[in-house]
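Cover the overall build first, then a few selected sites.

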Amino acid sequence: MRNELRSARRGLSAEKQKEHALAVREHLLGSNVFTSASCVAVYFSSDGEVDLSPIIEKLHLLGTKLVAPRIEGMEMEFLPFDTSNTLTENRWGIKEPGVGTRVEKAEMSVALVPLVAFTDDGDRLGRGKGFYDRYFSVGDTLLIGIGHEIQRVDSIERKTWDRRLDAVVTEKGWRICTSRAVACLQQACGDSK
């Protein structure tokens, strides 16, 4: 399933990719998810993932602190960046901040998380290395999966270490998966802690 869905998202035309990225931005900005978020974790897309550049640019203009993952060995950490930072490529060809002081998970109100597949219940299939599941295994960060609608599946075999998403946003809109996400979207994520 992982290979099939990665191939499907890579097969989307450049026009469709751009259309989906802009739709995701509009769905995110149309909510109040970022209203009180002082620090938002994002990712740099690769392999057909939804491009977050439109939302990154907007959040940067709004003065939101942005952090992105960097892989060190088999561990993930998050570093701050802004749109002027130089990025490097890791061993998988994924862009990441090259330098910076690690930001603690407790600072992150919201994390936009890439995925290979998702269910309506918030189960997520990643690339298979478990970085996001391990990193967010505990904590209060609201996890919002970002994907294309073609990545939606009926079920995913869940492992004990898998971390369920609070919500998923695709070009079609929001899927709310937890009561925590409902509460967060009704008030403002930074206020719910």
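This is a predicted model: local features need pLDDT of at least 70, side-chain atom pairs count only at pLDDT 80 or more; totals for chains, interfaces and linings use all residues.

Residues are numbered from 1 along each chain as its sequence is written, and side-chain values use heavy atoms, with hydrogens and water left out.

**Overall build**

- The protein has 5 helices and 11 strands; helices (H or I, at least four residues) and strands (E, at least two) are DSSP runs numbered from the N terminus.
- Its radius of gyration, 15 Å, is close to the 16 Å that the globule rule gives for 193 residues, so the protein is as compact as a globular protein of that length. The radius is taken over C-alpha atoms, and the rule is 2.2 Å times the number of residues to the power 0.38.
- Along the principal axes, the C-alpha atoms fill a box of roughly 40 × 35 × 35 Å.
- Of the 193 residues, 49% are buried (under 20% relative accessible area; exposed is over 50%, partly exposed in between; 1.4 Å probe, protein chains only).
- Among contacts (heavy atoms within 4.5 Å) between residues at least 6 apart in sequence, 69% join residues at least 24 apart.

**Glu49**

- Glu49 lies in the loop between β1 (39-41) and α3 (53-61).
- Glu49 is buried, with a relative accessible area of 9%.
- Its side chain makes a polar contact with the side chain of Arg127 (3.1 Å). Such a contact is a pair of N or O atoms within 3.5 Å; within protein, one must be able to donate a hydrogen and the other to accept it, and residues adjacent in sequence count only if both atoms are side-chain atoms.
- Leaving aside neighbours within four places in sequence, the residues in contact with Glu49 include Arg9, Tyr43, Pro114 and His148.

**Leu28**

- Leu28 is part of helix α2 (residues 14-29), and its relative accessible area is 0%, so it is buried.
- Beyond four places in sequence, Leu28 is in contact with Val33, Phe34, Ile55, Leu112, Ile146, Val169 and Trp174.
- Between the C-alpha atoms of Leu28 and Gln151, 123 residues apart along the chain, the separation is 18 Å.

**Helix α3**

- Pro54, Ile55, Ile56 and Leu59 are buried in α3.
- The cover over these buried residues includes α2, β1, β2 (65-72), β3 (75-81) and β6 (110-114).
- Gly63 follows α3 and has a positive phi, near 85°.
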